[in-house]
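Dear colleague,

I am handing over the structure below, and my notes on what was found in it follow. Please read them with the model open beside you.

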Amino acid sequence: MADALVIAGCLSGEKDDEGVAALVEELAAAVGADMVVRARTGGRPVGVSLPDALVGLRRAGVRRVLVVTTHVANGRLQRDAAAAVRAAAPFFDELRLAPPLLASEKDHAAVAAALDEALPARAGRVVALAGHRGVECEATFAQLEDTLRARGRTDALVDAPDRLPARVARRSEGAVLLGPFLMALGHHARHDVLGRLASTLSADVWPHSLAELPAIRALVIKHAMIRRDCPFVSSARKDCA
């Protein structure tokens, strides 16, 4: 169990995001946290940064902390979060960072199944899901596409917003359903994906966050609860992040 739960990620625009609200509530109950703190790991400079949030918890006398990010892939933002956790570790009895959403082949299978159920195939339509940019993200998206194809979902594209228009243009389907491949309906999802990109693609939109899917929330909680035998980066410098 943790005394404090830190939810870290791009959380600038999620005031009306029911999925993230449900995720926070379910995570706090699962880990038994007495305190929940939000922190920023990227995006617009709105809200407290993860390093500053950890400093605040230390000054408040909190000794056991679990950090869970809303990152989909093990990219730059997840590495930055890991660095912040390692730097703060000597000041806590227990401090742990949970893996990102897509950390293993089993995670890809679980997420592909959740997407397959939430966004069923329809003849003459391509489903395009837009996530964050970055080499690691794009590699993760390609792996997820492979997993979706193995389920028969040859209609599904998962990629960065700047790469999707050219890929959609090469498809023969006449209709496009566009959604954000993001945990939260923040500024990037609402403005860049559901606004600008949807207009570029003349697409219908799926205006939801991944966190609205119960199977996705269950996977995040599973990540938060694993490795109980060596669960923390601590002042003893055990590295389980």
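**Strand β3 and its surroundings**

Strand β3 is joined to strand β4 (residues 94–97) by four bridges, and the two run parallel; strands are taken as DSSP runs of E of at least two residues, helices as runs of H or I of at least four residues, both numbered from the N terminus, and two strands pair if DSSP finds at least two bridges between them. Within this pairing, Arg 64 stands opposite Glu 94 in β4. Between β3 and β4 the chain passes through helix α3 (residues 76–88), and this β-α-β crossover is right-handed, a term that applies if, with the strands pointing away from the viewer, the path from the first strand over the helix to the second runs clockwise.

Before going further, please note that this is a predicted model, in which local features need pLDDT of at least 70 and side-chain atom pairs count only at pLDDT 80 or more, while totals for chains, interfaces and linings use all residues. Residues are numbered from 1 along each chain as its sequence is written, and side-chain values use heavy atoms, with hydrogens and water left out.

Strand β3 (residues 64–69) also pairs with strand β1 (residues 4–9), through five bridges and again in parallel, and here Leu 5 stands opposite Leu 66 in β3. Five of the six residues of β3 are buried, so the strand is mostly covered, where buried means under 20% relative accessible area, exposed over 50%, and partly exposed in between, with a 1.4 Å probe and protein chains only.

**Helix α8**

Helix α8 (residues 214–225) has twelve residues and spans 17 Å from its first C-alpha to its last, close to the 16 Å expected at 1.5 Å a residue, the expected span being 1.5 Å times one less than the number of residues. Its buried residues, among them Ile 216, Leu 219 and His 223, pack against α1 (18–31), β3, β4 and α4 (105–118), contact meaning heavy atoms within 4.5 Å.

**Thr 41**

Thr 41 lies in the loop between β2 (35–40) and α2 (50–59), and Thr 41 is buried because its relative accessible area is 14%. The side chain of Thr 41 makes a polar contact with the side chain of His 71 at 2.7 Å; such a contact is a pair of N or O atoms within 3.5 Å, and within protein one must be able to donate a hydrogen and the other to accept it, residues adjacent in sequence counting only if both atoms are side-chain atoms.

**The protein as a whole**

The protein has eight helices and eight strands, and 52% of its 241 residues count as buried.

With best regards
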